[in-house]
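Open the structure in your viewer and keep the sequence at hand. The tour goes from one selection to the next and says what is found at each stop.

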Amino acid sequence: IQQDTCDHACSRDGHVRSRERDMEFGSTYQMEIIHILRILLPYATSNVGTPPVDNLLEQLLLFVGYLTLQNKANQDLLRWGKVPTLMQQLCNLPFTYFSNQEKREMLFPTLLCAAHGNQANKELMLREMNGALLVKYLKKKLEQEQDPRQGVSTLKDLKDLRYRFPSKLILEAVESLSVSSV
């Protein structure tokens, strides 16, 4: 059983699947992905408040974050199509995704993944929302990372920024957003 699992998650030489192979998935199915997201994101956004829909939106945010992480082609997907684009929709989620810490923890890493390293997405994001909110969030995360009292990770932590965005890029993101939002 263990070997079978490794065959699906690892390459023939036993190493974890290459990032290139994972990115191929997004490239191969770009039109399908955009179509699904353009249907599900507005539905979930307009029906926030019920547990199944909230869970759907949470999973969509995780998916979009992982899909766009350091992948310009997939980041560009978020600006395709009619207005409001997916990027605009993400920046205009209900107020609770900006005010509630748990929901912010879902949204902000996704926005970071979608905009970091992509000037057009970053500019669009900063037109749609206050970049200072994201800078404040990132600075707080950097402080927490320095805190030796941080405990052992739990499954809930997997939604946390440190598991969704490379920590080595956080300071770069803060600087980029700080310059842009001034």
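Start by selecting K141, which is part of helix α10. The model is a predicted one, and every value on this tour was computed from it. Is K141 buried or exposed? K141 counts as buried, because its relative accessibility is 11% and the cut-off for buried is under 20%.

Now select the whole of α10, residues 131-146. The helix has 16 residues. From the first C-alpha to the last, α10 spans 23 Å, close to the expected 22 Å.

Colour the buried residues of α10: G131, L134, V135, Y137, L138, K141 and L142. They lie on the same side of α10, because the arc they cover around the axis is only 160°. An α-helix has 3.6 residues a turn, so residues three or four places apart point the same way. Then turn the view to the other side of α10, where K136 and E143 are exposed.

Move to the start of α10 and select N130 and A132. A side-chain oxygen of N130 comes to within 2.8 Å of the backbone nitrogen of A132.

The next stop is the largest pocket. Which residues lie nearest its centre? Select Q101, E105, Y137, K141 and Q144 to find the centre of the largest pocket. Its lining is made up of 23 residues, and its volume is about 650 Å³.

With the pocket in view, show α8 (101-115) together with α10 (131-146); each supplies at least two residues of the lining. The largest share comes from α10, with 7 residues. Colour the lining by residue type: 13 of its residues are charged, 7 are nonpolar and 3 are polar.

For the last stop, select T68, in helix α4 (residues 51-68). T68 is buried, with a relative accessible area of 0%. What does its side chain reach? A polar atom of the T68 side chain is 2.8 Å from the backbone oxygen of V64. The T68 side chain also reaches the backbone nitrogen of A114, at 3.5 Å.

To finish, go back to K141. This residue of α10 is buried, and it is among the residues nearest the centre of the largest pocket.

How values were computed. Residues numbered from 1 in each chain as written. Predicted model: local features only at pLDDT ≥ 70, side-chain atom pairs only at ≥ 80, totals over all residues. Heavy atoms only, no water. 1 Å grid on protein atoms, 1.4 Å probe; cavity = no way out; pocket = protein on both sides within 12 Å on 5 of 7 lines; lining within 4 Å. Points joined across faces, edges and corners; volume = space filled by probe spheres on them. Helix = DSSP H or I, 4+ residues; strand = E, 2+ residues; numbered from the N terminus. Nonpolar A, V, L, I, M, F, W, Y, C, P; charged D, E, K, R; others polar. Expected span 1.5 Å × (residues − 1). Buried < 20%, exposed > 50% of the residue type's maximum accessible area, 1.4 Å probe, protein only. Arc of directions from axis to C-beta. Polar contact = N/O pair within 3.5 Å; in protein donor to acceptor, adjacent residues only side chain to side chain.
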